[in-house]
Amino acid sequence: QVQLVESGGGLVQVGGSLRLSCAASGSIYRINNMAWYRQAPGKQRELVALISISGTTNYADSVKGRFTISRDNAKNTVSLQMNSLKPEDTDVYYCNINYQSSIWGSGNSVWGQGTQVTVSS
């Protein structure tokens with residue numbers, strides 16, 4: 001079993017910053033992609049940022065230049081630094097990883113429990 005534990009959400013004013021962190025534990029041989037998604041009530045979950053095992057990053061247009069995703073492969077963690085926050089960034093943020101439990105194993109996906117980010121104006 002692989003579990004993700006998220007931390008760092010909260011309430012912040014417009015223009016402020018927050019840093020989300022996600023730690024993976026369990027039977028992990030290798031983590032391929034690590035990503036952050038967000039979801040508002042009644043809406044589809046959307047990709048915010050993704051980082052590959054090689055460090056290649058991809059961002060939603062709405063967060064480019066404001067958010068930075070990073071990972072620590074030795075610690076199996078991924079972080080999302082969020083700057084210049086806007087009210088429209090208010091959502092529940094979810095960590096997601098694609099991992100293998102062995103060298104021959106197929107990829108599996110697991111989600112964190114979600115952490116609330118609220119940006120007040």
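The legends below describe close-up views of a predicted model.

**View 1**
Four strands form an open sheet in the order 1-3-8-7, and their pairing is antiparallel. Strand 1 (2-7) and strand 7 (67-72) stand at the edges with a single partner strand each, so one side of each has no neighbour in the sheet. On average, and with direction ignored, neighbouring strands of this sheet are turned by 15° against each other. Within the sheet, strand 3 and strand 8 run antiparallel and are joined by six bridges. C22 has V78 in strand 8 as its bridge partner.

**View 2**
Strand 7 and strand 8 (residues 77-82) are paired in the antiparallel sense over six bridges. R71 has V78 in strand 8 as its bridge partner, and I69 has L80 in strand 8 as its partner. The two strands form a hairpin with four residues between them. In the turn, N76 has a positive phi of about 55°.

**View 3. The disulfide of C22 and C95.**
How many disulfides does a search of the whole structure find? The search finds one. It is formed by C22 and C95, whose sulfur atoms are 2.2 Å apart. A disulfide is a covalent bond between the sulfur atoms of two cysteines. The link of C22 and C95 is left-handed, with -85° about the S-S bond. C22 lies in strand 3 and C95 in strand 9, so the pair ties together parts that are 73 residues apart in sequence. Are these cysteines buried or exposed? C22 counts as buried because its relative accessibility is 2%, under the limit of 20%. C95 counts as buried as well, at 0% relative accessibility.

**View 4. Strand 9 and its partner strands.**
Strand 9 is largely enclosed by the rest of the structure, because eight of its ten residues are buried. Strand 9 runs antiparallel to strand 4, to which eight bridges join it. In this pairing, M34 stands opposite I97 in strand 9. Strand 9 and strand 10 are also paired in the antiparallel sense, over four bridges; here N96 has W111 in strand 10 as its bridge partner. Strand 11 is joined to strand 9 by three bridges, and these two strands run antiparallel. D91 has V117 in strand 11 as its bridge partner.

**View 5. The aromatic pair of Y37 and W111.**
A search of the whole structure finds one aromatic pair. The ring centres of Y37 and W111 are 4.9 Å apart and the ring planes stand at 65°, so the pair is edge-to-face. Y37 lies in strand 4 and W111 in strand 10 (residues 108-111), so the pair ties together parts that are 74 residues apart in sequence. W111 counts as partly exposed because its relative accessibility is 36%. W111 is also the bridge partner of N96.

**View 6. The largest nonpolar core.**
In soluble globular proteins, nonpolar side chains tend to be buried together. The largest nonpolar core of this model has 30 residues. Which residues have the most contacts inside this core? They are W36, L80, M82, Y93 and I97. Among the strands that each supply at least two residues of the core are strand 3 (18-26), strand 4 (30-39), strand 5 (46-51), strand 9 (91-100) and strand 11 (115-120). When residues up to four places away in sequence are not counted, M82 touches G16, S17, L18, L20, R66, F67, Y93 and V117.

**View 7. The surroundings of G9.**
G9 is found in the loop between strand 1 and strand 2 (10-13). G9 counts as partly exposed because its relative accessibility is 34%. Which residues does G9 contact, leaving aside its neighbours within four places in sequence? G9 is in contact with L20, T115, Q116 and V117. G9 and L20 are eleven residues apart along the chain, and their C-alpha atoms are separated by 6.2 Å. L20 and V117 are also among the residues that M82 touches.

Technical notes
Residues numbered from 1 in each chain as written. Predicted model: local features only at pLDDT ≥ 70, side-chain atom pairs only at ≥ 80, totals over all residues. Heavy atoms only, no water. Pairing = 2+ DSSP bridges. Axes fitted to C-alpha atoms, helices over the stretch in contact; angles between N-to-C directions. Buried < 20%, exposed > 50% of the residue type's maximum accessible area, 1.4 Å probe, protein only. Contact = heavy atoms within 4.5 Å. Core = buried A, V, L, I, M, F, W, Y, C linked by side-chain atoms within 4.5 Å. Disulfide = S-S within 2.5 Å. Phe/Tyr/Trp six-rings, centres within 6.5 Å; stacked < 30°, edge-to-face > 60°.
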